[in-house]
Amino acid sequence: MSQMSPNQADAGRVGMISLGCPKALVDSERIITQLRTEGYQISPDYEGADVVVVNTCGFIDSAVEESLDAIGEALQENGKVIVTGCLGADSEKVLEAHPDVLAVSGPHAYEEVMTAVHDVVKPPHDPFIDLVPPQGIKLTPKHYAYLKISEGCNHRCSFCIIPSMRGDLVTRSIGEVMQEAENLAKSGVKELLVVSQDTSAYGLDVKYQTGFWNGRPIKSHIQQLSEALGELGIWVRLHYVYPYPHVDKLIPLMAEGKILPYLDIPFQHASHRILKDMRRPAHAEKVLDRIKIWRDICPDITIRSTFITGFPGETEEDFQTLLDFIQEAKLSRVGCFTYSPVEGATANDLPNHVPEDEKQDRLERFMEVQADISAEILSSRIGQRMTVLTDDVAEDLTIARSKMDAPEIDGVVYLEGEMLEPGQFVEVDITHADEHDLWGKLVEPS
Ligand code: SF4
């Protein structure tokens, strides 16, 4: 009898049932290959398996029936079942027949299957692979991390070439995203910055399919994802949110403290005509109404946005509309850029390009107006007590951020005379403000 290495002795055992056509068989082979690469053993029977993967077929009614029967048998004989393959694309049908399955994914979902297997039985220790921590290698400081939830974009904003470079929206599986977020939280990350090209479109391409995190079904939708991220007990900040109507549903989560009351939502302009040429939602008045409703629901909300001055065809009147908008909207954090003709962008073909010095002049006028708004908002914080996250220390000074500030792009809170370790939540009383940053005094624990 051959001897088992210590790795093999510890290894989890996975049963595999493969149904369907040759394409499904190839998927099963790839799953088995990945399982073996990670050191799992393949069990030939139900009794010896820690978990059973059923790769299903959904081509015709009889194949659906056969797949559902196979899932039922595996549940009865083993109890721990992960479903993947064509029938898995209709997760509701599977869950309706077999609510006890641990995870459901569609065809070619190798990573989702592996994530589900990891949830049941951790991969055996591998001295080489384990040199990489579960949260992966990060280039950000230890206490915050970016969490990418999708790639690509379905919009076709005329100034942007991202969709032609990165393609249409491709959502990362919710199980994988949540596993990464959980690993990051366990590794000491205190703030997750959710990013993508279009964060609020999350799940649109997979029809908001139900995925699984720790065996629990969760819809691939930004609302459900935000709720689940909110359970990790750390700060969760949403970036690059396109102004879809369903964004409104995120605001109560902010008011309840589940995610940070911070919305990075690029509006780009306010003139109806320019927004139309940009191929963006073109209703500045509706945006103002929505902002009012958001503030009614969550008075603390920080709205960050970006705008473009000097877009082709922008007249002084259009620009004035933009200035009126920011004066009325009173956004807390704003970035502004002059239009720059990126090669390949369709906006370059629009008539009446604005001269460079005019674009620059409008940018400066815009920033002047916004500086006053920002200073007014920040000075209203003087005297308030707030929680901040420490980022760095400089000479006799701690640099921290409040819920209002995303790293790198927003302001900071200075704590003079304090030398605090990065990555700590502390309470401060705000004593001073300028148009960008705040100064505070540490509240000594009573
Ligand atoms: S600007 Fe953003 S929303 Fe518009 S096409 Fe580019 S990535 Fe998509």
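Select Lys207, which is exposed, with a relative accessible area of 70%; here buried means under 20% relative accessible area, exposed over 50%, and partly exposed in between (1.4 Å probe, protein chains only). The model is predicted, so local features need pLDDT of at least 70 and side-chain atom pairs count only at pLDDT 80 or more, while totals for chains, interfaces and linings use all residues. Residues are numbered from 1 along each chain as its sequence is written, and side-chain values use heavy atoms, with hydrogens and water left out.

Lys207 lies in the loop between β9 and β10; helices (H or I, at least four residues) and strands (E, at least two) are DSSP runs, numbered from the N terminus. Although Lys207 is not a glycine, its phi is positive, about 50°.

Next, select Val206, in the loop between β9 (191–195) and β10 (210–213). Val206 is partly exposed, because its relative accessibility is 29%. Leaving out residues up to four places away in sequence, Val206 touches Thr171 and Ser220, where contact means heavy atoms within 4.5 Å. Leu169 is 37 residues from Val206 along the chain, and their C-alpha atoms are separated by 9.6 Å.

Move to Ser226 in helix α8 (residues 222–230). Is Ser226 buried or exposed? Ser226 is buried, because its relative accessibility is 0%. Apart from neighbours within four places in sequence, its contacts are Leu238, Leu250, Leu253 and Ile259. Ser226 and Leu238 are twelve residues apart in sequence, and 8.7 Å separates them from C-alpha to C-alpha.

Now select Arg304, in strand β14 (residues 302–309). Arg304 is buried, because its relative accessible area is 8%. The side chains of Arg304 and Asp410 make a polar contact (2.7 Å); such a contact is a pair of N or O atoms within 3.5 Å, and within protein one must be able to donate a hydrogen and the other to accept it, with residues adjacent in sequence counting only if both atoms are side-chain atoms. Beyond four places in sequence, the residues in contact with Arg304 include Tyr262, Arg333 and Ile409.

Continue to Asn352, in the loop between β15 (333–338) and α13 (356–379). Asn352 is exposed, because its relative accessibility is 60%. Phi of Asn352 is positive, near 60°, in a residue other than glycine.

Finally, select the ligand, which is surrounded by Cys153, His155, Cys157, Phe159, Cys160, Pro163, Gln197, Tyr242 and Arg280; a residue is near a molecule if one of its heavy atoms lies within 4 Å of it.
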